[in-house]
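User: Please examine the model shown below and answer a series of questions on its architecture and local geometry.

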Amino acid sequence: MQSIFFTAMVDPSLSTLTESQTPHRSARSLFKRAIDIVGSLVGLLLLAILFIPLALAIKLDSPGPIFYAQERYGLLGQTFRIYKFRSMVQNADALKSQVKNEASGLIFKNQDDPRVTRIGRFLRRSSLDEFPQFWNVLLGEMSLVGTRPPTADEVSRYDSHHWQRLNVKPGMTGEWQVNGRSMVKDFEDIVKLDLHYQEQWHPLYDLTLIVRTVYVIVAKVGAF
């Protein structure tokens, strides 16, 4: 994994920021890691069961690969490749500039994004597109619960107070997932939710958020 310390060679201002960061206590919790391992193994078992029908649906719906991989930034700015089932057209990144951003700040959201495929909308509403990330969790690059992992474009525009959100591992779910999901459209609100997680965290807090996440997905709260 590439660290943001390497990036600091290009932008020296990043070095001061990352050197002052320390991992949140959740990143050192053996109990949290145990939950991640058990949860990721269960998730990967479900993924194995669902893989063939989902893969066929994705391939039949639009040309392109089954998976989408992208570099993201995790704990203390370490980079890793995140994996998802592809929910957009093959050249979605190239078309991004043609889609209106309905969010504020360093995030991109569009409720009726024309790049999303038909099966992609189902995958997103059900959160099935996220299932390949159980592999990232098993590897220790992510956690079941944490912060939303930012892209390189987002990180390049961070202010100093944004870096604290990377003191925890990125998560498949988190405060943003149970407090509006796609309805949260201001990046500063996401940062506040991320920092709230760090303030409230205790060994059982992740279990609470996992249960709440299941409810949000089943009830389709804030999904599009």
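Analyst: As a convention for what follows, rings of Phe, Tyr and Trp (the latter by its six-membered ring) pair if their centres lie within 6.5 Å, with planes under 30 degrees apart counted as stacked, over 60 as edge-to-face and the rest as tilted. The model is predicted, so local features need pLDDT of at least 70 and side-chain atom pairs count only at pLDDT 80 or more, whereas totals for chains, interfaces and linings use all residues. Residues are numbered from 1 along each chain as its sequence is written, and side-chain values use heavy atoms, with hydrogens and water left out.

User: Which residues do ring pairs link into a cluster?

Analyst: The structure holds seven aromatic pairs. Ring pairs also build a cluster, and its members are F51, F67 and F85.

User: What is the geometry of the pair formed by Y158 and W163?

Analyst: A pair of aromatic rings is described by the distance of the centres and the angle of the planes. The ring centres of Y158 and W163 lie 5.2 Å apart and the planes stand at 80 degrees, so the pair is edge-to-face.

User: In what order do the elements of the protein run from the N terminus?

Analyst: Helices (H or I, at least four residues) and strands (E, at least two) are DSSP runs, numbered from the N terminus. The protein has ten helices and four strands. Their order from the N terminus on is α-α-α-β-β-α-α-α-β-α-β-α-α-α.

User: What share of the contacts with a separation of 6 or more is made by residues 24 or more positions apart?

Analyst: Contact means heavy atoms within 4.5 Å. Of the 224 residues in the protein, 49% are buried. Among contacts with a separation of 6 or more, residues 24 or more positions apart account for 71%.

User: How many bridges join β1 to β2?

Analyst: Two strands pair if DSSP finds at least two bridges between them. Strand β1 covers residues 67–73 and strand β2 residues 79–85, and the two run antiparallel. Q70 stands opposite I82 in β2, while Y73 has T79 as its bridge partner. The number of bridges joining β1 to β2 is seven.

User: Is β2 largely enclosed or open?

Analyst: Burial decides the matter for β2. Five of its seven residues are buried, so the rest of the structure leaves β2 largely enclosed.

User: Which residue in the hairpin of β1 and β2 takes a positive phi?

Analyst: The hairpin has five residues between its strands. The residue concerned is found in the loop between β1 and β2 and is not a glycine, although its phi is about 55 degrees. That residue is L76.

User: What is the phi of S127?

Analyst: S127 is placed in the loop between α5 and α6 (133–139). At 9% relative accessibility, S127 is buried. Its phi is positive in a residue other than glycine, with a value near 65 degrees.

User: At what angle do the axes of α3 and α5 cross?

Analyst: Axes are lines fitted to C-alpha atoms, for helices over the stretch in contact, and angles run from 0 to 180 degrees between N-to-C directions. L54, A57, I58 and D61 in α3 meet R118, I119, G120 and L123 in α5. These residues divide into five nonpolar, one polar and two charged, where Ala, Val, Leu, Ile, Met, Phe, Trp, Tyr, Cys and Pro count as nonpolar, Asp, Glu, Lys and Arg as charged, and the others, Gly among them, as polar. The axes of α3 (residues 30–61) and α5 (residues 118–126) come within 8 Å and cross at roughly 145 degrees.

User: With which side chain does the side chain of S62 make a polar contact?

Analyst: S62 lies in the loop between α3 and β1 and is buried, with a relative accessible area of 10%. Leaving aside neighbours within four places in sequence, S62 is in contact with R86 and T117. A polar contact is a pair of N or O atoms within 3.5 Å; within protein, one must be able to donate a hydrogen and the other to accept it, and residues adjacent in sequence count only if both atoms are side-chain atoms. At 2.9 Å, the side chain of S62 makes such a contact with the side chain of R86.

User: How far apart in space are I37 and S143?

Analyst: I37 is found in helix α3 and is partly exposed, at 32% relative accessibility. In sequence, I37 and S143 are 106 residues apart. Their separation in space, C-alpha to C-alpha, is 8.9 Å.

Definitions and conventions: Buried < 20%, exposed > 50% of the residue type's maximum accessible area, 1.4 Å probe, protein only.
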